[in-house]
Amino acid sequence: GWTNTKFDVEFLLKRKDTKAFGVFTEDKKLVSMATVSLTDASEQPKEANAKDLAWLSYVITNQEYRRKGLARRVCAEALKWLDSQNPNVPIGLYGEKEKAAPLYVDLGFKDFGKTQRWTTKVDAQSLLRSDGSIKRSEDGKLEIPAFVDQITMGSCTAVLVRGKELLDMVCKADTAAFGSDRSDVLKAWNKRYTDLCWLVKDVDPKKVRSVFEKYSNSPQGGSDKLMTYEGFKALSLKTEGVEVSEKQFKSFCEKSGADAEKGMTVASLYQLYSFPGNDIDTDYAKVTGGKIPPGSTGVRGYVMGRGTKDKGYFIGPLWAKDQECASTLLVAAVRGGCVIDMTNSRMGKASFELMDVEIGSADNLETSATKAQVLASLGFKKGGGSRFMVRSGDSKSFYRGNADKTYAASSYEFA
């Protein structure tokens, strides 16, 4: 019932802080294994009350060799090694209640309760049915005119995390939100599941309006005020030091949903700042002579998904500042999970092999009412998960994002 992929295992074993233990037969066949990962204080979230943490995972025994005490043996060896490296370090795990939990209790772990797992099943056909441009090819696959790299809901525009700029923004925001730097994990995740990683930029509407008011040079006033080519050219000279052409202006208008013949509205300028390569904080500072706020990440929220045809699809790290952003990210993640197998290039038509997927969020000890509302509104249903167990510590030793302040979904792969 695990959703872990070969990539997940290989990545974990390559990490310098992970040690694997196994039992082999005489013909060198691996029949039982366990891994333990140690995180030192410099990488720990500031909210955790422990200096160092460890995690026991991938306790697996070949079905033919079960009931022989092999799992107990490899776990004991893993714990022995951990104690020799860092005595009394809190170590956590997720264990299945009936079969696994009793073993871990015998090894000194305390059961801190049942976790929650939210899942939903998605009909890929119905999800994309609203797109009238979709056509079915002769081989039964669906074709769409262009690759979807952005999804807008309300004031949120989620864009695919592609390129160093956006990935660095995610890593910076993640460090600020959780208090520890896990950039190496996020970068590896993004490299493997690029089409499933989404970001919503944090665009301050007041700053956008301030910039708009300064450079909107349309004779119209009030809510009908517009920024024509001349005004946009002046804004570009001030913020970028370059003069945009009328052709470029028309392209920006088309991208942001504005009428190039009339000019940009404040709403279309806001949309433009939601796209990669445009930073309202920087432009606002240049226009007003102010300073960029300290600690600003420019991120309103992000989500990273993980999926394969045989393992299904899982939502990994998710963090957002508000419910609208969280909902937008979840919709983008759900849609991405249905089109994970893409053929052809992004130029012209792209064929997608759609799949009806079961999507889940990672185990958590508890889910806040606000986060539960977001998940429920998107068709997720709450179910039982594994048991959360800790040795030499308590549940507070392991950081849990404050879901009452942010819509954060922790992922145990990073514990």
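Me: Which exposed residues sit on the face of α2 turned away from its buried side?
Reply: That face carries R73, K80 and S84, where exposed means over 50% relative accessible area, buried under 20% and partly exposed in between, with a 1.4 Å probe and protein chains only. Helices (H or I, at least four residues) and strands (E, at least two) are DSSP runs numbered from the N terminus.

Me: What should I keep in mind about the source?
Reply: This is a predicted model, in which local features need pLDDT of at least 70 and side-chain atom pairs count only at pLDDT 80 or more, while totals for chains, interfaces and linings use all residues. Residues are numbered from 1 along each chain as its sequence is written, and side-chain values use heavy atoms, with hydrogens and water left out.

Me: Back to α2, which residues are buried?
Reply: The buried residues of α2 are L70, A71, V74, C75, A78, L79 and L82. Seen down the axis of α2, they fall within an arc of 165° (taken from the directions from the helix axis to the C-beta atoms), so they line one face of the helix.

Me: How many salt bridges are there?
Reply: The structure holds 10 salt bridges, each being a side-chain nitrogen of Lys or Arg within 4 Å of a carboxyl oxygen of Asp or Glu. One of them joins D111 to R387, with the closest N and O atoms 3.0 Å apart. That pair links distant parts of the chain, since D111 is in strand β5 (residues 110–122) and R387 in strand β16 (residues 381–391), 276 residues apart.

Me: Are those two buried or exposed?
Reply: R387 is buried, at 17% relative accessible area, whereas D111 is partly exposed, at 33%.

Me: Which residues are linked in a network?
Reply: R209, E213 and K225 are linked in a network of salt bridges.

Me: New topic: which loop holds K28, and what is its phi?
Reply: K28 lies in the loop between β1 (18–24) and β2 (30–39), and has a positive phi of about 65° although K28 is not a glycine. At 72% relative accessibility, K28 counts as exposed.

Me: And what about phi of N88?
Reply: Phi of N88 is near 65°, again a positive value in a residue other than glycine. N88 lies in the loop between α2 and β4 (91–95), and at 61% relative accessibility N88 counts as exposed.
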